[in-house]
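The following exercises concern one protein model. Each task is followed by a worked solution.

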Amino acid sequence: MRLIPVVLISLCLAHPLAAKTPLSQVPAIDDKLMEIAIADEIRKTCDGINARMFRALSRLNDLQDKALSMGYSKDEIEDYVSSKKEKRRMRSKAEAFLAAKGVDHTNDAQLCSFGKAEIARQTGIGTLLR
């Protein structure tokens with residue numbers, strides 16, 4: 001009977017648990033965080049467009065709760081949102097997203113027009129702005 005636990009341990013060691021997918025590759029988290037980042041850039045750039053701060057904070061908390069429920073630790077989440085490398089990647093992703101929508105991220109007028117359109121359409125980005 002001692003053989004069974006030894007065999008089970010051997011099997012566990014031979015087949016370690018699969019590594020978690022990096023949060024940057026989880027669209028339900030990363031895409032929503034990108035929306036928040038774009039909304040933040042719009043509110044900083046555009047006079048007359050303001051953030052819905054409580055909604056943004058609530059959305060951030062929801063994303064954290066979702067990541068925690070997926071098995072990520074608070075440390076993993078903090079590393080993901082505070083990493084300089086991730087911030088650069090997110091900026092590039094947001095710029096590509098805007099370009100695909102016909103928006104030059106360096107053109108304030110285009111960015112502000114995009115922000116107003118997002119507000120009117122009540123998109124994920126637009127719901128974070130007023």
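**Exercise 1. Overall architecture**

How many helices and how many strands does the secondary structure of the protein comprise?

*Solution.* The model is predicted, so local features require pLDDT of at least 70 and side-chain atom pairs count only at pLDDT 80 or more, whereas totals for chains, interfaces and linings use all residues. Residues are numbered from 1 along each chain as its sequence is written, and side-chain values use heavy atoms, with hydrogens and water left out.

Step 1. Helices (H or I, at least four residues) and strands (E, at least two) are taken as DSSP runs and numbered from the N terminus. The secondary structure amounts to six helices and zero strands.

Step 2. Along the sequence, the pattern reads α-α-α-α-α-α.

Step 3. Burial is assigned from relative accessible area: under 20% is buried, over 50% is exposed, and values in between are partly exposed (1.4 Å probe, protein chains only). Of the 130 residues, 28% count as buried.

Step 4. The accessible surface (Shrake-Rupley method, 1.4 Å probe; for residues, only the protein chains shown count as cover) comes to about 8,800 Å², with 57% belonging to carbon and sulfur atoms.

Step 5. A contact means heavy atoms within 4.5 Å. Among the contacts with a separation of 6 or more, 72% are accounted for by residues 24 or more positions apart.

**Exercise 2. The surroundings of D30**

Determine where D30 lies, whether D30 is buried or exposed, and which residues D30 contacts.

*Solution.* Step 1. D30 is located in helix α2, which covers residues 27–45.

Step 1. D30 counts as buried because its relative accessibility is 1%.

Step 2. With neighbours within four places in sequence left aside, the contacts of D30 are L23, S24, Y80, R89, M90 and K93.

**Exercise 3. Salt bridges**

Which residues form salt bridges with D30, and at what closest N and O distances?

*Solution.* Step 1. A salt bridge is a side-chain nitrogen of Lys or Arg within 4 Å of a carboxyl oxygen of Asp or Glu. The count by this rule is eleven.

Step 1. D30 pairs with R89, the closest N and O atoms being 2.6 Å apart. Because D30 belongs to helix α2 and R89 to helix α5, this pair ties together parts that are 59 residues apart in sequence. R89 is partly exposed, with a relative accessible area of 27%.

Step 2. K93 also forms a salt bridge with D30, with the closest N and O atoms 2.6 Å apart. K93 lies in helix α5 and D30 in helix α2, so the pair ties together parts that are 63 residues apart in sequence. K93 counts as partly exposed at 24% relative accessibility.

Step 3. A further salt bridge joins R121 and E118, whose closest N and O atoms are 2.3 Å apart. These two residues are separated by about one helical turn, because they stand three residues apart in helix α6 (residues 108–121). E118 is buried, at 4% relative accessibility.

Step 4. Salt bridges with shared partners join D30, D31, E86, R89 and K93 into one network.

**Exercise 4. Surface patches**

Which residues form the positive surface patch, and which form the nonpolar one?

*Solution.* Step 1. Patches are made of residues with over 30% relative accessible area and no salt bridge; like charges are joined within 9 Å, and nonpolar side chains (Val, Leu, Ile, Met, Phe, Trp, Tyr) within 5 Å. Lys and Arg count as positive and Asp and Glu as negative, while His and the chain ends are not counted. A charge is placed at NZ of Lys, CZ of Arg, CG of Asp or CD of Glu.

Step 1. The positive patch consists of K84, K85, K87 and R88. K85 is in helix α5 (residues 84–100) and counts as exposed, at 61% relative accessibility.

Step 2. The nonpolar patch consists of F54, L57 and L60, which together have about 340 Å² of accessible area. L60 is in helix α3 (residues 53–69) and is partly exposed, with a relative accessible area of 35%.
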